[in-house]
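This report describes the fold of a single protein chain, from its overall dimensions to selected local features. Please consult the sequence and the structure shown below while reading.

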Amino acid sequence: MLSHECRGTGPAVVFIAGLGGLGKFWSPVMDRLQASHTVITLDHPGSGGSARRGPQTIPDLADAVLELTAALGVGRFSVVGHSTGGLVAQTLALDHAARLHRLVLSSTWARADRRFRDLFEIRRRILTEAGLGLYKAHGVLLAYPADTYDRHAPPLPAPGRDGDDTNEVQVTAERIDMLVDYSRADDLHRITTPTLVLGATDDQIVPFHHAEHLAQAIAGAQLTALSGGHFPPVTQTDIYTSCLREFLEAAEPAISAAIAPRS
């Protein structure tokens, strides 16, 4: 079984992390929801404590989620997908709608545009040419707003690739290719699962217009504007969790797609 965490009590919510693939990303949010929900997360195959099981693909990650929930005895569940995890969540909603209760798409996108492709090509070159340490440092620089950078940024690494985990470099490069090339944008109109789209207006990795496009493409989707860069679950944990709780616990989903700012 994949490395995972399952705790709490109540309706099940599966949290899917982004490019790094580590379930611990969700710990602050899970801590706040576990009293009212069964909260589940996982390390993606090839990341953290989960063994690699073949090429990195979005459909395989969706299968991994389904296999884990089946092994845990979970039938229907809500899913919260952040960044790359949002592509997995879209796939679950399109191909396995009967398993889902509600859908949350967080700091994610429907289709890569030119800026997005250029950004991730630059990140990939940093990874393979300058090394894993500088790649991660650059990611932190992009992901966190200036006023929170000091709290989250590690010291800059020494130059070069000495000491890099070659498997991590390979998996990360494959995952970058995976997320740039994958899109179900033309199918999103078929999603019927009640959907909440969360995006941050100061996100430099996935700018807010991507959240707007998702909300426009999915009938009845709610769109909420946050702040906190690319990682609102970490930088705005209380506000982020409040948005989730309101949506997950609402008796009936709202049908308006109007933007509801939260700060």
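## Overall architecture

The protein chain exposes about 11400 Å², of which carbon and sulfur atoms supply 52%; accessible areas come from the Shrake-Rupley method with a 1.4 Å probe, and for residues only the protein chains shown count as cover. The model is predicted: local features need pLDDT of at least 70 and side-chain atom pairs count only at pLDDT 80 or more, while totals for chains, interfaces and linings use all residues. Residues are numbered from 1 along each chain as its sequence is written, and side-chain values use heavy atoms, with hydrogens and water left out.

The protein chain contains 10 helices and eight strands; these are DSSP runs (helices H or I of at least four residues, strands E of at least two), numbered from the N terminus. Its C-alpha trace spans about 55 × 40 × 35 Å along the principal axes. A compact globule of 263 residues would have a radius of gyration near 18 Å, and the 17 Å of the protein chain agrees with this. That radius is taken over C-alpha atoms, and the globule rule is 2.2 Å times the number of residues to the power 0.38.

Of the 263 residues, 52% are buried, where buried means under 20% relative accessible area, exposed over 50%, and partly exposed in between (1.4 Å probe, protein chains only). Among contacts (heavy atoms within 4.5 Å) between residues at least 6 apart in sequence, 76% join residues at least 24 apart.

## Helix H10

Thr237, Tyr240, Thr241, Cys243, Leu244, Phe247 and Leu248 of H10 are buried. Viewed down the axis of H10, the buried residues fall within an arc of 155°, so they line one face of the helix; the arc is that of the directions from the helix axis to the C-beta atoms.

## Aromatic pairs

Rings of Phe, Tyr and Trp (its six-membered ring) pair if their centres lie within 6.5 Å; planes under 30 degrees apart count as stacked, over 60 as edge-to-face and the rest as tilted. By this rule there are seven aromatic pairs. Two of the edge-to-face pairs are tabulated here.

| Pair | Centre to centre | Angle between planes |
|---|---|---|
| Phe25 and Trp26 | 5.2 Å | 80° |
| Tyr144 and Phe231 | 5.3 Å | 65° |

Tyr144 is buried at 11% relative accessibility. Phe25 is buried at 17%, and Trp26 at 0%. Ring pairs join Phe15, Phe25, Trp26, Tyr144, Phe231 and Tyr240 into a cluster.

## Loop residues

Ser83, in the loop between strand E4 (77-82) and helix H3 (84-95), has a positive phi near 55° although it is not a glycine. Ser83 is buried at 5% relative accessibility. Ser107 also has a positive phi, of about 50°, without being a glycine; this residue lies in the loop between strand E5 (100-106) and helix H4 (114-130) and is buried at 4%.

Pro159 is located in the loop between H6 and helix H7 (166-181) and is exposed, with a relative accessible area of 81%. Pro159 and Gly133 are 26 residues apart in sequence and 8.1 Å apart in space, C-alpha to C-alpha.
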